[in-house]
Amino acid sequence: MTIHPTGEVRTNKDQAAPAGGEPVLSLRGAAVRVGGRTLWSGVDLTVGPGEFTAVLGPNGVGKSTLVKVLLGVLPPAAGEVRVLGGAPGARNSAVGYLPQRRSFDASVRVRGVDVVRLGLDGDLWGVPVPGLGRAKRRAAHERVAEVIELVGASAYAHRPIGQCSGGEQQRLLIAQALIRRPKVLLLDEPLDSLDLPNQSAIAALLGQICHQESVAVVMVAHDVNPILHHLDQVVYIAQGGAVAGTPAEVITSDTLTRLYRTPVEVLRTSDGRLVVVGQPEAPALHVDRHGDQGTRGTGRAAGL
Ligand SMILES: Nc1ncnc2c1ncn2[C@@H]1O[C@H](COP(=O)(O)OP(=O)(O)OP(=O)(O)O)[C@@H](O)[C@H]1O
Ligand SMILES: [Mg+2]
């Protein structure tokens, strides 16, 4: 692991393609700018097939923006980004995506099963598909049922999605993201608003999809604890830089202190949860709320 002058830390693992061939996605010296501001720079990351990677960091540091870069929605301001051997966006049919904070109003009458199906032919929504024969329709129908079964949503998939609970909606949306058998799954806070048992269940499901079906999962998470046991690596973004490595390498007092450039302590509770104490607020939040670029420790404790 090497620490660079700007504070970011790179692991040896980042420099090499993982065993089993070309990485599924990679960033080399990547930087991103939005609204005339550089959110992060000098980010190096390699994700191999079937690796489970969490993207962590405080609010506003650019985690969702990283996902947008990987989708090809936002070009990097510097460096190189490759996804499935090409430019980001070029192979999005092999990328499953679950955006941050999505929920359906109770009045939405579309059934869960139809929302899942949209993942297969959403780009053809409302357009008659010439030549889509009976065999193809049957295959599509079977795939929808299969993926709904996989996420454990069969019991409510035929109900209007607006009448499903937040956790049920989440499972149906994960099914939608999975339906095309993606090689990469980009999930932006999929455990948001779920209770602890559902967080654990969805984390286990994603771990299983990732490791058994060799789907590379990149998941933005507010709290690493529910997914900790399933993770191969984490990317922690803060202070305009990033640290990548195994959870044991990254989520330590030393590494996070160097990343944040202020004393930060990582504590382990008796039940094995990791808690970060003293992490400063995100610079963006300081600008908004205090009008400066402050990096003072707040002394508050927070889940990762
Ligand atoms: N199009 C844009 N123009 C200007 N600023 C933007 C734009 N998109 C995002 N930002 C800003 O970039 C910063 C990073 O946004 P992003 O959504 O990536 O943060 P995040 O790390 O995902 O935060 P959270 O944990 O709250 O979801 C924020 O300060 C946001 O306001
Ligand atoms: Mg976000």
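1. In helix α2, the residues Lys63, Ser64, Thr65, Leu66, Val67, Val69, Leu70 and Leu71 are buried, where buried means under 20% relative accessible area, exposed means over 50%, and partly exposed covers what lies in between, computed with a 1.4 Å probe and with protein chains only. Because eight of the nine residues of α2 are buried, the helix is largely enclosed by the rest of the structure. Gly72 follows α2 and has a positive phi, near 80 degrees.

2. Some conventions apply throughout. This is a predicted model, in which local features need pLDDT of at least 70 and side-chain atom pairs count only at pLDDT 80 or more, whereas totals for chains, interfaces and linings use all residues. Residues are numbered from 1 along each chain as its sequence is written, chains are lettered from A and ligands numbered from 1 in the order in which they are written, and side-chain values use heavy atoms, with hydrogens and water left out.

3. The protein as a whole has nine helices and 14 strands, taken as DSSP runs (H or I of at least four residues for helices, E of at least two for strands) and numbered from the N terminus. Of its 304 residues, 50% count as buried. The protein exposes about 13,900 Å², of which carbon and sulfur atoms supply 52%; accessible areas come from the Shrake-Rupley method with a 1.4 Å probe, and for residues only the protein chains shown count as cover. Among contacts (heavy atoms within 4.5 Å) with a separation of 6 or more, 62% join residues 24 or more positions apart.

4. Around ligand 1 there are 15 residues, of which Gly60, Lys63, Ser64, Thr65 and Gln100 come nearest; a residue is near a molecule or strand if one of its heavy atoms lies within 4 Å of it. By class, this shell has five nonpolar, seven polar and three charged residues, where Ala, Val, Leu, Ile, Met, Phe, Trp, Tyr, Cys and Pro count as nonpolar, Asp, Glu, Lys and Arg as charged, and the others, Gly among them, as polar.

5. Oxygen atoms of ligand 1 lie 3.0 Å from a polar side-chain atom of Arg37, 2.9 Å from an N or O atom in the side chain of Ser64 and 2.9 Å from a polar side-chain atom of Gln100. The protein covers 64% of the 640 Å² of accessible area that ligand 1 has on its own. The elements giving two or more residues to the shell are β4 (37–47) and α2 (63–71), and α2 gives the most, with three residues.

6. The magnesium ion (ligand 2) has Ser64 (OG) and Gln100 (OE1) as its protein donors, at 2.1 to 2.2 Å; donors are N, O and S atoms within 2.8 Å of the metal (3.2 Å for Na, K and Ca), and sites may look incomplete because water is not among the atoms. Since Ser64 lies in helix α2 and Gln100 in the loop between β7 (95–98) and α3 (112–121), the pair ties together parts that are 36 residues apart in sequence. Gln100 is partly exposed, with a relative accessible area of 24%.

7. Gln170, in helix α5 (residues 166–178), counts as buried at 3% relative accessibility. Leaving aside neighbours within four places in sequence, Gln170 is in contact with Arg102, Glu189, Pro190, Leu191, Asp192 and Leu194. A polar atom of the Gln170 side chain lies 2.3 Å from the backbone oxygen of Pro190.

8. In α3, the buried residues are Gly112, Val113, Val115, Val116, Gly119 and Asp121, and what covers them includes α4 (134–150) and α5.

How values were computed
Polar contact = N/O pair within 3.5 Å; in protein donor to acceptor, adjacent residues only side chain to side chain.
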